[in-house]
Amino acid sequence: MLAVIISGLAVGAVYAATALAYNVMYSTSKVLSITTGHICMLGGVFGAWFITGLGLPVLVGLAGAVLAGGLFGWLTDLVAIRRVIARSDEHLWLLSTLALATMVQQAVALWWGTEPRPFPRLIPQDYTAGILDQKYWLPIGTTILLALGLELFYRRTMYGKVFQAVSENAFAARARGVSAARVRSASYVLAGAIGALAGFAAGQLTFAFFALGLTLTLYGFIALAVGGLGSNLGAVVGGVALGLLTAFATYFVGGEYQQTIAVGLLILVLLLRPEGLFGARKVRPV
(Lines give C-alpha, C1' and ligand atoms only; values in the text may rest on other atoms or scores of the structure.)
Protein backbone atom coordinates (compact mmCIF):
# COMPACT_ATOMS: atom_id res chain seq x y z
CA MET A 1 0.00 0.00 0.00
CA LEU A 2 2.89 2.38 0.72
CA ALA A 3 4.19 1.77 -2.80
CA VAL A 4 0.77 2.72 -4.20
CA ILE A 5 0.78 5.97 -2.21
CA ILE A 6 4.31 6.91 -3.32
CA SER A 7 3.49 6.08 -6.93
CA GLY A 8 0.31 8.17 -6.70
CA LEU A 9 2.22 11.11 -5.25
CA ALA A 10 4.80 10.93 -8.04
CA VAL A 11 2.19 10.77 -10.80
CA GLY A 12 0.20 13.50 -9.07
CA ALA A 13 3.31 15.67 -8.99
CA VAL A 14 3.54 15.40 -12.79
CA TYR A 15 -0.12 16.43 -13.10
CA ALA A 16 0.50 19.29 -10.67
CA ALA A 17 3.51 20.55 -12.63
CA THR A 18 1.43 20.49 -15.82
CA ALA A 19 -1.28 22.47 -14.02
CA LEU A 20 1.36 25.01 -12.91
CA ALA A 21 2.38 25.48 -16.55
CA TYR A 22 -1.30 25.98 -17.43
CA ASN A 23 -1.52 28.67 -14.75
CA VAL A 24 1.53 30.58 -15.95
CA MET A 25 0.15 30.72 -19.50
CA TYR A 26 -3.36 31.58 -18.35
CA SER A 27 -2.20 34.37 -16.05
CA THR A 28 -1.21 36.70 -18.89
CA SER A 29 -3.37 35.52 -21.81
CA LYS A 30 -6.53 33.98 -20.26
CA VAL A 31 -5.90 31.05 -22.57
CA LEU A 32 -5.77 27.35 -21.60
CA SER A 33 -3.43 26.02 -24.26
CA ILE A 34 -3.89 22.41 -25.35
CA THR A 35 -0.15 22.28 -26.05
CA THR A 36 0.65 22.32 -22.31
CA GLY A 37 0.96 18.56 -21.87
CA HIS A 38 2.96 18.29 -25.08
CA ILE A 39 5.58 20.61 -23.58
CA CYS A 40 6.12 18.07 -20.80
CA MET A 41 6.31 15.31 -23.41
CA LEU A 42 9.01 17.25 -25.29
CA GLY A 43 11.01 17.63 -22.07
CA GLY A 44 11.13 13.86 -21.67
CA VAL A 45 11.79 13.06 -25.33
CA PHE A 46 14.50 15.67 -25.83
CA GLY A 47 16.09 14.81 -22.49
CA ALA A 48 16.33 11.15 -23.49
CA TRP A 49 17.66 12.09 -26.93
CA PHE A 50 20.33 14.44 -25.61
CA ILE A 51 21.57 12.03 -22.94
CA THR A 52 21.09 8.62 -24.56
CA GLY A 53 21.12 9.45 -28.25
CA LEU A 54 23.86 12.07 -28.30
CA GLY A 55 25.72 10.91 -25.20
CA LEU A 56 25.70 14.34 -23.54
CA PRO A 57 26.09 14.83 -19.76
CA VAL A 58 22.93 14.92 -17.67
CA LEU A 59 23.15 18.65 -16.93
CA VAL A 60 23.63 19.47 -20.61
CA GLY A 61 20.67 17.25 -21.47
CA LEU A 62 18.59 19.02 -18.83
CA ALA A 63 19.54 22.44 -20.20
CA GLY A 64 18.74 21.30 -23.75
CA ALA A 65 15.34 19.91 -22.72
CA VAL A 66 14.40 23.10 -20.85
CA LEU A 67 15.55 25.19 -23.82
CA ALA A 68 13.42 23.08 -26.18
CA GLY A 69 10.41 23.49 -23.89
CA GLY A 70 10.89 27.26 -23.64
CA LEU A 71 11.23 27.51 -27.42
CA PHE A 72 8.03 25.52 -27.95
CA GLY A 73 6.25 27.73 -25.42
CA TRP A 74 7.30 30.81 -27.38
CA LEU A 75 6.26 29.12 -30.63
CA THR A 76 2.84 28.37 -29.14
CA ASP A 77 2.27 32.06 -28.47
CA LEU A 78 3.63 33.10 -31.86
CA VAL A 79 1.74 30.59 -34.00
CA ALA A 80 -1.41 29.66 -32.10
CA ILE A 81 -2.21 32.49 -29.68
CA ARG A 82 -1.03 35.94 -30.74
CA ARG A 83 -3.02 36.54 -33.90
CA VAL A 84 -6.05 34.62 -32.66
CA ILE A 85 -6.64 36.69 -29.53
CA ALA A 86 -5.76 39.90 -31.39
CA ARG A 87 -8.55 39.32 -33.90
CA SER A 88 -11.28 37.69 -31.85
CA ASP A 89 -12.59 37.41 -28.30
CA GLU A 90 -14.01 33.98 -29.03
CA HIS A 91 -12.31 30.79 -27.84
CA LEU A 92 -10.81 30.05 -31.25
CA TRP A 93 -7.47 29.40 -29.53
CA LEU A 94 -8.92 25.98 -28.65
CA LEU A 95 -8.68 25.05 -32.32
CA SER A 96 -5.34 26.72 -33.00
CA THR A 97 -3.59 25.17 -29.99
CA LEU A 98 -5.18 21.78 -30.71
CA ALA A 99 -3.89 21.95 -34.28
CA LEU A 100 -0.37 22.88 -33.13
CA ALA A 101 -0.37 20.15 -30.47
CA THR A 102 -1.48 17.55 -33.04
CA MET A 103 1.21 18.58 -35.52
CA VAL A 104 3.93 18.47 -32.88
CA GLN A 105 2.78 15.07 -31.60
CA GLN A 106 2.80 13.58 -35.08
CA ALA A 107 6.18 15.13 -35.90
CA VAL A 108 7.67 13.59 -32.74
CA ALA A 109 6.11 10.23 -33.64
CA LEU A 110 7.77 10.31 -37.08
CA TRP A 111 11.15 11.34 -35.66
CA TRP A 112 11.27 9.54 -32.32
CA GLY A 113 9.03 6.55 -33.03
CA THR A 114 5.71 5.41 -31.63
CA GLU A 115 7.00 3.04 -28.95
CA PRO A 116 7.79 4.26 -25.40
CA ARG A 117 11.55 4.44 -24.83
CA PRO A 118 13.23 4.16 -21.43
CA PHE A 119 14.62 7.34 -19.92
CA PRO A 120 18.23 7.26 -18.68
CA ARG A 121 19.06 7.15 -14.97
CA LEU A 122 19.93 10.66 -13.82
CA ILE A 123 21.51 9.70 -10.48
CA PRO A 124 23.57 6.53 -9.89
CA GLN A 125 21.22 4.24 -7.98
CA ASP A 126 20.43 0.56 -7.79
CA TYR A 127 17.18 -0.53 -9.42
CA THR A 128 16.17 -2.36 -6.23
CA ALA A 129 15.66 0.89 -4.28
CA GLY A 130 11.89 0.34 -4.16
CA ILE A 131 9.92 3.35 -2.91
CA LEU A 132 13.18 5.30 -2.54
CA ASP A 133 13.80 5.10 -6.27
CA GLN A 134 14.59 8.39 -7.96
CA LYS A 135 11.77 7.93 -10.49
CA TYR A 136 9.36 8.71 -7.65
CA TRP A 137 11.21 11.40 -5.74
CA LEU A 138 12.57 13.43 -8.64
CA PRO A 139 9.14 14.52 -9.96
CA ILE A 140 7.87 15.12 -6.41
CA GLY A 141 10.88 17.25 -5.45
CA THR A 142 10.88 19.09 -8.77
CA THR A 143 7.20 20.03 -8.46
CA ILE A 144 7.70 21.31 -4.91
CA LEU A 145 10.63 23.45 -6.04
CA LEU A 146 8.67 24.74 -9.04
CA ALA A 147 5.69 25.74 -6.88
CA LEU A 148 7.92 27.51 -4.34
CA GLY A 149 9.97 29.15 -7.09
CA LEU A 150 6.87 30.50 -8.80
CA GLU A 151 5.57 31.88 -5.51
CA LEU A 152 8.86 33.69 -4.86
CA PHE A 153 8.97 34.91 -8.46
CA TYR A 154 5.51 36.48 -8.26
CA ARG A 155 5.94 37.96 -4.79
CA ARG A 156 9.59 39.03 -4.66
CA THR A 157 10.71 40.02 -8.17
CA MET A 158 9.87 42.99 -10.36
CA TYR A 159 9.13 40.79 -13.37
CA GLY A 160 6.80 38.68 -11.28
CA LYS A 161 4.87 41.76 -10.25
CA VAL A 162 4.65 42.79 -13.91
CA PHE A 163 3.17 39.36 -14.68
CA GLN A 164 0.62 39.89 -11.93
CA ALA A 165 -0.24 43.38 -13.20
CA VAL A 166 -0.96 42.07 -16.70
CA SER A 167 -2.95 39.20 -15.21
CA GLU A 168 -5.17 41.48 -13.15
CA ASN A 169 -5.74 44.21 -15.74
CA ALA A 170 -3.89 44.11 -19.05
CA PHE A 171 -5.44 47.41 -20.21
CA ALA A 172 -4.26 49.29 -17.12
CA ALA A 173 -0.80 47.70 -17.42
CA ARG A 174 -0.53 48.88 -21.03
CA ALA A 175 -1.59 52.37 -19.94
CA ARG A 176 1.42 52.37 -17.56
CA GLY A 177 3.82 51.49 -20.37
CA VAL A 178 3.93 47.70 -19.96
CA SER A 179 3.99 45.69 -23.19
CA ALA A 180 1.34 43.06 -22.51
CA ALA A 181 2.32 41.15 -25.68
CA ARG A 182 5.94 40.79 -24.54
CA VAL A 183 4.88 39.77 -21.05
CA ARG A 184 2.56 37.16 -22.54
CA SER A 185 5.38 35.77 -24.69
CA ALA A 186 7.67 35.67 -21.66
CA SER A 187 5.02 33.79 -19.68
CA TYR A 188 4.77 31.17 -22.43
CA VAL A 189 8.53 30.76 -22.47
CA LEU A 190 8.48 30.35 -18.67
CA ALA A 191 5.61 27.86 -18.85
CA GLY A 192 7.50 25.94 -21.54
CA ALA A 193 10.59 25.74 -19.35
CA ILE A 194 8.50 24.60 -16.36
CA GLY A 195 6.73 21.92 -18.38
CA ALA A 196 9.95 20.62 -19.94
CA LEU A 197 11.68 20.49 -16.56
CA ALA A 198 8.76 18.51 -15.15
CA GLY A 199 8.80 16.14 -18.13
CA PHE A 200 12.55 15.66 -17.77
CA ALA A 201 12.31 14.92 -14.04
CA ALA A 202 9.45 12.46 -14.60
CA GLY A 203 11.04 10.74 -17.60
CA GLN A 204 11.94 7.57 -15.72
CA LEU A 205 8.35 7.26 -14.51
CA THR A 206 6.52 8.07 -17.76
CA PHE A 207 9.15 7.00 -20.33
CA ALA A 208 9.90 9.10 -23.41
CA PHE A 209 6.67 8.60 -25.33
CA PHE A 210 5.21 10.70 -28.14
CA ALA A 211 1.56 10.21 -27.05
CA LEU A 212 2.14 11.34 -23.47
CA GLY A 213 1.25 14.94 -24.30
CA LEU A 214 -2.46 14.44 -24.74
CA THR A 215 -2.74 12.48 -21.49
CA LEU A 216 -0.93 15.17 -19.50
CA THR A 217 -2.98 17.90 -21.17
CA LEU A 218 -6.19 16.23 -19.98
CA TYR A 219 -5.06 15.28 -16.47
CA GLY A 220 -3.25 18.57 -15.94
CA PHE A 221 -6.45 20.44 -16.82
CA ILE A 222 -8.49 18.26 -14.45
CA ALA A 223 -5.98 18.95 -11.66
CA LEU A 224 -6.19 22.68 -12.40
CA ALA A 225 -9.99 22.72 -12.49
CA VAL A 226 -10.22 20.76 -9.24
CA GLY A 227 -7.69 22.96 -7.46
CA GLY A 228 -8.92 26.25 -8.86
CA LEU A 229 -7.90 28.16 -11.96
CA GLY A 230 -5.18 30.69 -11.19
CA SER A 231 -4.16 29.15 -7.87
CA ASN A 232 -0.72 27.50 -7.76
CA LEU A 233 -1.57 25.93 -4.42
CA GLY A 234 -4.75 24.59 -5.96
CA ALA A 235 -2.76 23.19 -8.90
CA VAL A 236 -0.51 21.24 -6.53
CA VAL A 237 -3.36 20.01 -4.33
CA GLY A 238 -5.50 19.08 -7.33
CA GLY A 239 -2.63 17.23 -9.01
CA VAL A 240 -1.73 15.27 -5.89
CA ALA A 241 -5.37 14.40 -5.20
CA LEU A 242 -5.86 13.23 -8.79
CA GLY A 243 -2.63 11.20 -8.73
CA LEU A 244 -3.56 9.43 -5.50
CA LEU A 245 -7.11 8.79 -6.70
CA THR A 246 -5.97 7.22 -9.98
CA ALA A 247 -3.31 5.16 -8.18
CA PHE A 248 -5.87 3.73 -5.75
CA ALA A 249 -8.32 3.17 -8.61
CA THR A 250 -5.69 1.19 -10.50
CA TYR A 251 -4.84 -0.84 -7.40
CA PHE A 252 -8.40 -1.70 -6.41
CA VAL A 253 -10.46 -1.79 -9.63
CA GLY A 254 -7.97 -1.74 -12.53
CA GLY A 255 -6.25 0.81 -14.73
CA GLU A 256 -9.01 0.86 -17.35
CA TYR A 257 -11.15 2.96 -14.99
CA GLN A 258 -8.54 5.68 -14.40
CA GLN A 259 -9.94 8.17 -16.88
CA THR A 260 -13.54 7.56 -15.83
CA ILE A 261 -12.71 8.23 -12.20
CA ALA A 262 -10.64 11.32 -13.06
CA VAL A 263 -13.44 12.86 -15.11
CA GLY A 264 -15.91 11.88 -12.38
CA LEU A 265 -13.81 13.78 -9.83
CA LEU A 266 -13.84 16.82 -12.10
CA ILE A 267 -17.62 16.73 -12.51
CA LEU A 268 -18.15 16.27 -8.77
CA VAL A 269 -15.95 19.23 -7.82
CA LEU A 270 -17.47 21.47 -10.48
CA LEU A 271 -20.96 20.62 -9.28
CA LEU A 272 -20.16 21.33 -5.64
CA ARG A 273 -17.67 24.17 -6.12
CA PRO A 274 -17.43 25.42 -9.72
CA GLU A 275 -14.46 27.72 -9.01
CA GLY A 276 -12.40 24.82 -7.65
CA LEU A 277 -11.09 24.14 -4.16
CA PHE A 278 -8.83 27.21 -4.00
CA GLY A 279 -10.20 29.32 -6.85
CA ALA A 280 -11.56 32.79 -6.26
CA ARG A 281 -15.34 33.06 -6.42
CA LYS A 282 -16.36 35.51 -9.14
CA VAL A 283 -19.39 37.72 -8.70
CA ARG A 284 -21.40 38.12 -11.88
CA PRO A 285 -23.06 41.53 -12.27
CA VAL A 286 -26.75 41.46 -13.21
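**Salt bridges in the predicted model**

R273 is partly exposed in this predicted model, its relative accessible area being 31%. The views below concern salt bridges, of which the structure holds 5.

**View 1. The salt bridge between R273 and E275.** The closest N and O atoms of R273 and E275 are 3.4 Å apart. On the arginine side, R273 has a relative accessible area of 31% and is partly exposed. E275, at 15% relative accessibility, counts as buried because buried residues are those under 20%.

**View 2. The salt bridge between R82 and D77.** In this pair, a separation of 3.1 Å is found between the closest N and O atoms. R82 is partly exposed, with 31% relative accessible area, whereas D77 is buried, with a relative accessible area of 0%.

**View 3. The network of D77, R82 and R184.** Salt bridges link these three residues in a network. Side chains of opposite charge can pair when their charged atoms come close.

**View 4. The salt bridge between R121 and D133.** The closest N and O atoms of R121 and D133 lie 3.1 Å apart. The pair links distant parts of the chain, the two residues being 12 residues apart. Both R121 and D133 are in the loop between α4 (93-112) and α5 (134-156). R121 is partly exposed, with a relative accessible area of 21%. D133, by contrast, counts as buried at 4% relative accessibility.

Technical notes: Residues numbered from 1 in each chain as written. Predicted model: local features only at pLDDT ≥ 70, side-chain atom pairs only at ≥ 80, totals over all residues. Heavy atoms only, no water. Salt bridge = Lys/Arg side-chain N within 4 Å of Asp/Glu carboxyl O. Buried < 20%, exposed > 50% of the residue type's maximum accessible area, 1.4 Å probe, protein only. Helix = DSSP H or I, 4+ residues; strand = E, 2+ residues; numbered from the N terminus.
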